[in-house]
Amino acid sequence: MSGIPSPRESFGSKFGIIAATAGSAVGLGNIWRYPYITGENGGAAFILIYLLIVIAIGIPVMLSELAIGRRAQQNVYGSFRKLAPNRPWYLIGLMGVVAAFMILAFYTVVAGWTLEYLYQSFIGGFHGKSPEELVGMYNGFIGSSTRPLIWFFVFMGLTAFIVAAGVKNGIEKSTKILMPLLFVILIVLIVRSVTLPGAAKGISFLFKPDFSKITATTFLMALGQAFFSLSIGMGTLITYGSYIQKRDNLATTALSVIFTDTLVAVLAGIAIFPAVFAFNIAPESGPGLAFITLPNIFEQMTGGTIFSIMFFTLLGVAALTSTISVLEVIVAFFVEELKMKRSAATWLATLSVSALGVLCVLSTSSLANFKLFDKTVFELMDFTTANVLLPIGGLFIVIFVAWFFGRDKAKEELSNNGQLKARYIPLFLFVIKFIAPLAIAFVFLQGIGLIKL
Ligand code: PHE
């Protein structure tokens, strides 16, 4: 069994737990990825499938992760080692650490873009530009290599700085300030977006499902998006769960986080699509969607510069509360398994992620033609983590809790040793035994084309 003698850190308050965990969930996945994936996959019909998956699969997987982490009080790898000694379950933990490397590498690239856009907002870089010029500006920026590289390193550095400060003084302290700010800004943007002339088309794209657009891939994309957006399937929540104290309620934590994450995704859609249609931008424009439409909105607004600064600050902030959670997965692993000091572990993790990250940065410029499986390194990291590694991880996590960990321990953990009523436990156990694993396996196999129905 692995373990460290020094006392483990934990989150200090309920609000701190929610801020950190919802901070992990709410991020570029909601504001950048969700709108463009929705745009590429047909709008409202996709959203309905997404919501179904969040409820049927997202909630049980998240709760399972929190239970594993809090029980084991270890990093993702150590948790499986501790709860299932001498069994191969630790491989799921290792897969989580690998997924963390891959996610951080491509995610931080986009996080870096938010800093460039923040900088441009300050110097009035969008000023007087037509929608076409803003498209050109985006393509010009991601098509160059130096600036995206610099911003990538700045963002990695910021992330490392917070993680190095520790769970309570770094992660919890920062997210408690950053998360509430995010909400305020999002609301302001929505009000502006829905009052643009021509906004109605965007609203109907979001709320009128066209079921003819649905294929097996739509389901896989929704599954991947749900896992990615909720930060589940790779041990972020096992790691954060291990910092939750025995007296705290795991179910209310999971539900608050899922509610917040879904709300922010839907709100981000409402902030973005009316503007997309109002400015005649194609809803399937891909990863550039948020970076092209939002500057457009700001250009039309009185006080646009201020809003633009606020928005990109907060987009960066949302990304930061997520990157720290991904880095923490690796750092906790290094600290506990390699017996390293937190600061050394943080810098080692940061440097090694950066090596892969550089390839992701260059995927939109000098390495744009370097493709594996028809995808650039950036696209490959994004696709493989969200649509393959996280669903597989999630599948094994629920199977672990349902069939291996067992009823009694699950009950103890979720009811805080009988102190909470937790009447939902039988339902939860039924869902993680049968429904969630079958649903994940089915959507996954169908989506990658291994089975056809
Ligand atoms: N959930 C984060 C987002 O939506 C991304 C993330 C994925 C964070 C996996 C941690 C683990 O932006």
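1. In which crossing, left-handed or right-handed, does H5 pass H16? H5 passes H16 in a left-handed crossing, that is, the near helix is turned anticlockwise from the far one by less than a right angle.

2. The model is predicted, with local features requiring pLDDT of at least 70 and side-chain atom pairs pLDDT 80 or more, while totals for chains, interfaces and linings use all residues. Numbering starts from 1 along each chain as its sequence is written, and side-chain values use heavy atoms, without hydrogens and water.

3. Helix H5 (residues 90-123) packs on helix H16 (residues 377-405) at about 150 degrees, the axes being 9 Å apart. This makes H5 roughly antiparallel to H16 (over 145 degrees). Axes are lines fitted to C-alpha atoms, for helices over the stretch in contact, with angles from 0 to 180 degrees between N-to-C directions. Helices are DSSP runs (H or I, at least four residues), numbered from the N terminus.

4. The H5 side of this contact (heavy atoms within 4.5 Å) includes Met95, Phe106 and Val110; the H16 side includes Asp382, Leu389 and Phe396. Its residues divide into 15 nonpolar, three polar and one charged. Ala, Val, Leu, Ile, Met, Phe, Trp, Tyr, Cys and Pro count as nonpolar, Asp, Glu, Lys and Arg as charged, and the others, Gly among them, as polar.

5. The ligand is surrounded by 16 residues (a heavy atom within 4 Å). Among the closest are Gly29, Tyr107 and Ser231. A ligand oxygen atom is 2.8 Å from a polar backbone atom of Gly29, and a polar side-chain atom of Tyr107 lies 2.4 Å from an oxygen atom of the ligand. An N or O atom in the Ser231 side chain is 2.9 Å from a ligand nitrogen atom.

Key. Helix = DSSP H or I, 4+ residues; strand = E, 2+ residues; numbered from the N terminus. Parallel < 35°, antiparallel > 145°, perpendicular 65-115°, else oblique. Polar contact = N/O pair within 3.5 Å; in protein donor to acceptor, adjacent residues only side chain to side chain.
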